[in-house]
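I hope they are handy when you look through it yourself.

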Amino acid sequence: MNLPNKLTVFRMFMVPVFLFLFCVPLPFSDTALRIIIAAVFAVVSLTDMIDGKIARKYNMITDFGKFMDPLADKFLVISACLGIIVKFDYIRPVFVWAAAIVIFREFAVTSLRMVAANKAGLVIAAAWLGKVKTTTQMICIICVLLEPVIL
């Protein structure tokens, strides 16, 4: 298993750790907890960019990476959306709607990828616009986590 794939697997394993921060009572203030969760999310999110750059630069692109990398991102984003809604119950209703749209879209795209892989044997890599979407989602999640801290 090459380094980019190891980073993808690391991101998958970090999803439960990330959710742990939302679900388990920790002896931190709300502000400190938000900063910790945002920092963990940011570090894990950066592994997405790093593994892609390494895979492209050193020609380490694999079918496993093309399939699992977007899936790991989806798990991380969906976990963040659900964690924010559950942990921070005073979250604005507009975020619940935005989270629902993001989650439904993620399931739809993943379903289409799985059908393509199953029916035609195709593994569809993320397009440029998908990378922009993922980056935007991750930045927005960090902003939502840090909103009360910043304002």
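1. Arginine 34 and aspartate 30 form a salt bridge, with N and O 3.3 Å apart (a salt bridge is a side-chain nitrogen of Lys or Arg within 4 Å of a carboxyl oxygen of Asp or Glu). The two sit 4 residues apart in helix H2 (residues 30-57), so about one helical turn separates them. Arginine 34 counts as buried at 1% relative accessibility, whereas aspartate 30 is partly exposed at 37%. Here buried means under 20% relative accessible area, exposed over 50%, and partly exposed in between, with a 1.4 Å probe and protein chains only.

2. A word on the basis: this is a predicted model, in which local features need pLDDT of at least 70 and side-chain atom pairs count only at pLDDT 80 or more, while totals for chains, interfaces and linings use all residues. Residues are numbered from 1 along each chain as its sequence is written, and side-chain values use heavy atoms, leaving out hydrogens and water.

3. Which residue forms a salt bridge with aspartate 69? The partner is arginine 11, and the closest N and O atoms are 2.3 Å apart. Aspartate 69 belongs to helix H3 (residues 63-87) and arginine 11 to helix H1 (residues 3-23), so the pair ties together parts 58 residues apart in sequence. Both residues are buried. Arg11 and Asp69 also belong to a salt-bridge network with Asp48, Asp51 and Asp73.

4. Lysine 74 and glutamate 106 make another salt bridge, at 2.9 Å from N to O. Lysine 74 lies in helix H3 and glutamate 106 in helix H4 (residues 93-120), so this pair ties together parts that are 32 residues apart in sequence. Lysine 74 and glutamate 106 are both buried. The structure holds 9 salt bridges.

5. As for the fold, the chain has 5 helices and 0 strands (DSSP runs numbered from the N terminus: H or I of at least four residues for helices, E of at least two for strands). Among contacts between residues at least 6 apart in sequence, 78% join residues at least 24 apart; contact means heavy atoms within 4.5 Å.

6. On overall dimensions, the C-alpha atoms fill a box of roughly 50 × 30 × 25 Å along the principal axes. Of the 151 residues, 38% count as buried. The chain exposes about 8900 Å², with carbon and sulfur atoms supplying 76% of it; the areas come from the Shrake-Rupley method with a 1.4 Å probe.
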